[in-house]
Amino acid sequence: MKLPSLKPRSLAARVYFPLMLVALAAVAAVGGLGLLWRSRWAELQLPAAEQQRVYREFLAVNAGCLLVVIGVVGYLLHRGIVRPFRRLVRFVNTFMPSSPRGEPQGKDEWTNLEHRLSGALQTLHLHEARARAIVEGVADGIVTFDNTGRVLSINRAVTRIFGWSERELLGQPVRRFVCLSDDDVARIQANDTGKAQLLGVGRQLDGRRKDGQVIPLEIALSKVRVADQSFTIAVVRDLSERRRVEEALRLQALTFANISDAVIITGLDGRIIDWNPAAERVFGYTKQEMIGQTVACLHPPESGTGLSSAVIETLRREGRFACTQRFRRKDGTEGFCETVIVPLRDEQGKRVATIQAHRDITDTKRIHEELLRSRANLAALIENTTDCIWSVDRELRLITFNSTCRQMCQRMYRCEPYVGMKLGEIFPERDRAFWEPLYARALAGERCVAEFENPLMPGIVKEISLNPIVSDGVVTGVSGFMKDITHRKQAENALRQAKEAAEAANRAKSEFLANVSHEIRTPLNGIMGMTDLVLDTPLTAEQRRYLTLVRSSADALLAIVNDLLDFAKIEAGKLDFDRVEFQPADCLAETLKVLAMSAHKKGLELVGDIDPAVPDVLIGDPGRLRQVLLNLVSNAIKFTPQGEVVVRLEVEQADDHQVVLHGVVRDTGVGIPADKQHVIFAPFEQADTSSTRRFGGTGLGLAICSRLVGMMNGRIWVESTPGAGSKFHFTARLERPSREGVPQRPSIPQSWQDTRALVVEDHDETATMLERMLAGWQMRPYRVADAEAALGAIDQANRDRDPFVLALVDASLPGTSGFELAERIAWRPELSAGVLMMLRADNQAADAARCRQIGVAAHLVKPILPTELREAVSHALGHSHRRFFPAPDGTPGLRAARRGARVLLVEDNEINQIIAREMLRKAGHEVAVVANGEEALATMEHQAFDLVLLDMLMPGMDGYETAARIRALERASGKRVPIVAMTALAMERDRERCLAAGMDAYLAKPFRSEELHAVIDRLLAPV
């Protein structure tokens, strides 16, 4: 740029140049002030590498600022800012004195000033070119942009960093390639004060390349204002390479920190300069404790310290040194490590440090030593064992063998074995047919065991075991073991003979039990049968009392016999379980009905309850479940002098296939001491031995229950406090039937909903159970404890016009009895209580007649079960004009069906003949009696019978042969007669044998009249 011709005076020159120099210095100082301070801070706090980087930034920014200042000055000169200054000079010259020739005195000075100014501008252009070259040569990008964010200028580094050309970036928004935030832009625009400002140094943010790649940047921002124009200078540095280096260094540090081996780095002087965390774990010293120390403290004195000349020579020659050495930990314990030492060299190959890697092999070495000891022990054991042990390869060549094997070959085959010798050279021709197939199977991967008896040594039996030797899934050979089992074979023969003798003794015991059972049951049947017959005749009170005692004694004797037989069957493993569908509610009802009279005689309240969650139908053995309940409930009645016995069935857990039934029998009896509760389930054990005299019993009942519950995959336990009663628990796992075969539970009748029901019951447990059942049927139960309260409740309900539709009344209320309450209600029509149902503890015919006279709809015998009560309520509410009184003898329809049947009784015992004949005649049957099978066949040839009662054990032709002959005759005639087996043999196999022989039913002696009639009813009931 050429300046206009000016001739300033000396004063102007003296003023102009100092001002220009001051301006240049001020602008340059502002550009580098911030970096100068940062550099000083970096010197104080940053490492050397960071200080050099900051210093380079300082030089680059100062150079950029100098270039900007030079450019601005040149621009101002070019724009003619000198002209106003020239007028100022001329104005000043008017006050200056003139030269003697009439010219101003400052003319020469102005000329000189103009020449000097021209030279200065040339120098300025030269500096501008140099500054421009410096800016273009800087590795960092320099970008200037205005307040709107438009790019004014860039250097060559910007195009290299971002991939755009200068033409593509000039005039574009700077945020196109530098991700400035809105806060950064607002800060730049807000700091327009007209002064040079440092807005930020060393900030890190992201940049975007032309190809879309995001790169990390470090940026320094400076705000500059010239004349009336302000702009921002951004110095941008690409951090991608530095990030890669930092990441590599970070990964190296992580690797060093996480390597499992202890790594120690020592300098040339042998002192430790680095120490990884694994070294802390192995040696016990921290890094701070070991920096500056030597490795000598890590090894015992006798193992040597430092790097010996031999080690250094090995490192120089081979590049590494490896050894196993002993080390000492901080706590004084010693161990072993595998050490590898390698030199660390610089770029010129000069060793600058040494890396030592130590792997703790203390446990490995210990295991190795133990393995060596075990191998030596095993070798000694194999060598000194009395069994022959050897191994061969696939070609059947000997690999190893022990001394016993050597002696066996010398003794049996007269040869000295050696390694590499083939088995074919040892075994004679006569034995190869035995050995070769075994080795072929073993080489195929099969384990072979065989017994071998050498013809040359009769009576000596050897057991040979051949096992394949497998390596990487391939059979490489066979290991052989041979031991003398002569004594074992002799013991097995003796054991087999003992087993046969034991089985024979067991059969003899079973036969003895069966015979004893038969011999006991036969007279017992006579005693019980005759007693029942006599009790049905007119007797005096004293005679009836005596006969009742006889019957009780017979029942007790029969219970003892049954317990002994059941226990014998369990011990012999002969007790089988049925798998049939049954109703748990019926099972509970049958059990409680049998024991209700015993509880009533003792004045006990017997309560049965079943959870509504218990399924209506389950699959299992109802007889065994009933047997458990009978034992537990009868025990509770026996050991409870007063109070109550409550039985409840509920569900413990259930799924779609199985149900775990939980039974609880609670009483208010004498209780069981805590130290005796674990022994009562053992055979022949009782909590108190004196109770045998007081209460009777064999002590087998609970033992049988425990075995039966265990066979049903359940358990049994007791909770008891002496004097406060006992609570027996048991569980049984039963199956659910298929959903198609399960009958649907009947729905609640609509007429029952919101129906009021009165419960008149003084016993709390029974009343609570009745309330729960009625509420479950959506009725509204109201409970009172005596007759007066019942009358008051009825009267109040009628006045409230919400009368009772149903009334359940206990017959034995305190004070006014239930019968008297029913009579008072019947005599006073205004006290209508709907349908009355009487609950009684026994089934006396007189009570039934009295209920009929009063007008009671139904009477139920306690304990009351949900199914029974529901059926009675449904019948009573559905047919209130008819009165329902269950006949004492059973269902009228069945009694009519069996009346008049012709029965053939085949029995050789005269007493049993009388008992069975009288039972049948009282039931209305016509009976023909014969004494043996021959007479039975002869009689059946001339007469027709509806039923045959056949004894099994008879002289001559027994019951089994007689039944077979009858069935043979029937195949010819085409008519089949039901046969009922009667026998005192009560074992399970006897029942199965009878049914398998073609009989239709089985009765074990002694039997009661009810049992006989039930079987006949079932067989003769019309289809």
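Helices (H or I, at least four residues) and strands (E, at least two) are taken here as DSSP runs, numbered from the N terminus. On that count, the protein has 31 helices and 32 strands. The model is a predicted one, so to speak of local features takes a pLDDT of at least 70, side-chain atom pairs count only at pLDDT 80 or more, and totals for chains, interfaces and linings use all residues. Residues are numbered from 1 along each chain as its sequence is written, and side-chain values use heavy atoms, with hydrogens and water left out.

First, the overall numbers. Of the 1023 residues in the protein, 42% are buried, where buried means under 20% relative accessible area, exposed over 50% and partly exposed in between (1.4 Å probe, protein chains only). The protein exposes about 54,300 Å², with carbon and sulfur atoms supplying 54% of that; areas come from the Shrake-Rupley method with a 1.4 Å probe, and for residues only the protein chains shown count as cover. Take the contacts (heavy atoms within 4.5 Å) between residues at least 6 apart in sequence: 59% of them join residues at least 24 apart.

Next, an open sheet. Five strands line up as β24-β23-β25-β26-β27, with parallel pairing; two strands pair if DSSP finds at least two bridges between them. The edges belong to β24 (780–784) and β27 (858–861), each of which has a single partner strand, so one side of each is left without a neighbour in the sheet. From one strand to the next, the twist averages 20°. Inside the sheet, β23 (residues 756–760) and β25 (residues 806–810) run parallel and are joined by 4 bridges, and V759 has L808 of β25 as its bridge partner. Helix α21 (residues 764–776) packs on this sheet, touching β23, β24, β25 and β26 (835–840), and its direction makes about 165° with that of β24. Helix α22 (residues 787–799) lies across β23 and β24, at about 165° to β23. Axes are lines fitted to C-alpha atoms, for helices over the stretch in contact, and angles run from 0 to 180 degrees between N-to-C directions.

Elsewhere, β8 (residues 321–328) and β9 (residues 334–345) run antiparallel, joined by 8 bridges. F321 has I341 in β9 as its bridge partner. This hairpin has 5 residues between the strands, and G332 takes a positive phi near 95° there.

Finally, a loop residue. D621 sits between β18 (618–620) and α18 (622–638) and is buried, at a relative accessible area of 8%. The D621 side chain reaches the backbone nitrogen of R624 at 3.3 Å.

Notes. Polar contact = N/O pair within 3.5 Å; in protein donor to acceptor, adjacent residues only side chain to side chain.
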